[in-house]
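Let's take a walk through this structure, stopping at a few spots along the way. Have a look at it first.

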Amino acid sequence: MTETNMEFARGMRESYSAQNSMAGAADAVSIVRTRQIPASGPDREIRVREYRPTDSDQILPLIIFIHGGGFVSGDLETHDVLARALALGVSATVLAVDYRLAPENPFPAGLDDVSAVSLWARAHAEELRIDPTRIVIGGDSAGGNLAPLAVAQARDTGQAGFVAQFLFYPLLDFRTITDSWARLGDQYFPTHEVMRGVDAAYLGSDISLGDPRISPLLGSVEGMPPTILAVGTLDPLLDDSRQFATLLEAAGIPTTLIVSEDATHGYIQYFKDPSGGPAGREALERTVTVLREVLAKDSLL
């Protein structure tokens, strides 16, 4: 961990925190509590925030939510409004994961934390009052990278799967070689410059940008659950989602691709910001509708 990496991370964290007000007012949810999840390693726990839309004993589906922030920033506060909206819209319990960030904790620390929370949730389904056969995983940006990697990890290790995944403007290929990167990467966030900082802080020099352990677009999509992808036309990551959708569809996986015109990176997180127009709210509402439809069906596991 170099001072340059720490400077980059501090800048990203300060910028993210400064934008919190853009997320708008948080909707009321019946139960909001912070939990400390046991993790591997001496005296270490993973902080999660549980959102439950009802205080009844009803057994609910579970959404494991993974925040964005370029793997170096973001936390439970930056995505509180979005997590609440998902809990209320889908009528599901949400566990938002406060995973370890780089450069203090580079790859695969964050992914390991997400997987640990997933395993813990299944083992504590009765305590959480959730249905362990109806678990959804998803996230935005960096979280949209970690979600399919966690799905693949569960598949490859013989663990229980997920009934759906939702990926908001996900980073699916660290190589940044698509047409949308060429057209938009110098002007729109996340820029090529930002990605150089992310690569150095999160990956270091030992991992190839084309390694499928970090770039889901280059890995196997076999066994992936029904998937929702949402991205704006002014996002350098646009083609990542389009290409991933093509791969999923070719493998026979039910796929919903939401492409929002003139929307930039992060537009769903700030769906309440009136300056962003209706695109964020519309994409979120469509995501909620698809998730409710999937969860209404019999267990897919």
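## A serine in a helix

Ser180 sits in helix α6, which covers residues 179-184. This is a predicted model, and in it Ser180 has a relative accessibility of 0%. The cut-off for buried is under 20%, so Ser180 counts as buried.

Which residues does Ser180 touch, if we skip those up to four places away in sequence? They are Gly185, Asp235, Pro236, Leu237, Leu238 and Asp239.

## Two cis bonds in one loop

Now head to the loop between β4 (93-98) and α3 (109-123), where you'll find Pro103. The peptide bond joining Ala102 to Pro103 is cis, with omega at about 5°.

Pro108 is also found in the loop between β4 and α3. Here the cis bond runs from Phe107 to Pro108, and omega is near 10°. Why point these bonds out? Because most peptide bonds are trans.

Most residues other than glycine have a negative phi. Ser141 isn't a glycine, yet its phi is positive, at about 55°. You'll spot Ser141 in the loop between β5 (130-140) and α5 (142-156).

Asp262 is another non-glycine with a positive phi, this time about 60°. Its place is the loop between β8 (255-260) and α9 (279-296).

Are these two buried or exposed? Ser141 has a relative accessible area of 14%, under the 20% cut-off, so it is buried. Asp262 comes in at 62%, over the 50% mark, so it is exposed.

## Inside the cores

The largest nonpolar core is made up of 59 residues. Those with the most contacts inside this core are Phe71, Leu95, Ile137, Phe174, Val198, Tyr202 and Phe244. Which element gives the most to it? That's α5, with eight residues.

Let's zoom in on Ile137. Setting aside neighbours within four places in sequence, Ile137 is in contact with Ile64, Ile66, Val114, Ser118, Ala147, Ala150, Val151, Phe162, Ala164, Gln165 and Phe166.

Methods. Residues are numbered from 1 along each chain as its sequence is written. This is a predicted model: local features need pLDDT of at least 70, side-chain atom pairs count only at pLDDT 80 or more; totals for chains, interfaces and linings use all residues. Side-chain values use heavy atoms; hydrogens and water are left out. Helices (H or I, at least four residues) and strands (E, at least two) are DSSP runs, numbered from the N terminus. Buried means under 20% relative accessible area, exposed over 50%, partly exposed in between (1.4 Å probe, protein chains only). Contact means heavy atoms within 4.5 Å. A nonpolar core is a set of buried Ala, Val, Leu, Ile, Met, Phe, Trp, Tyr and Cys residues joined through side-chain atoms within 4.5 Å.
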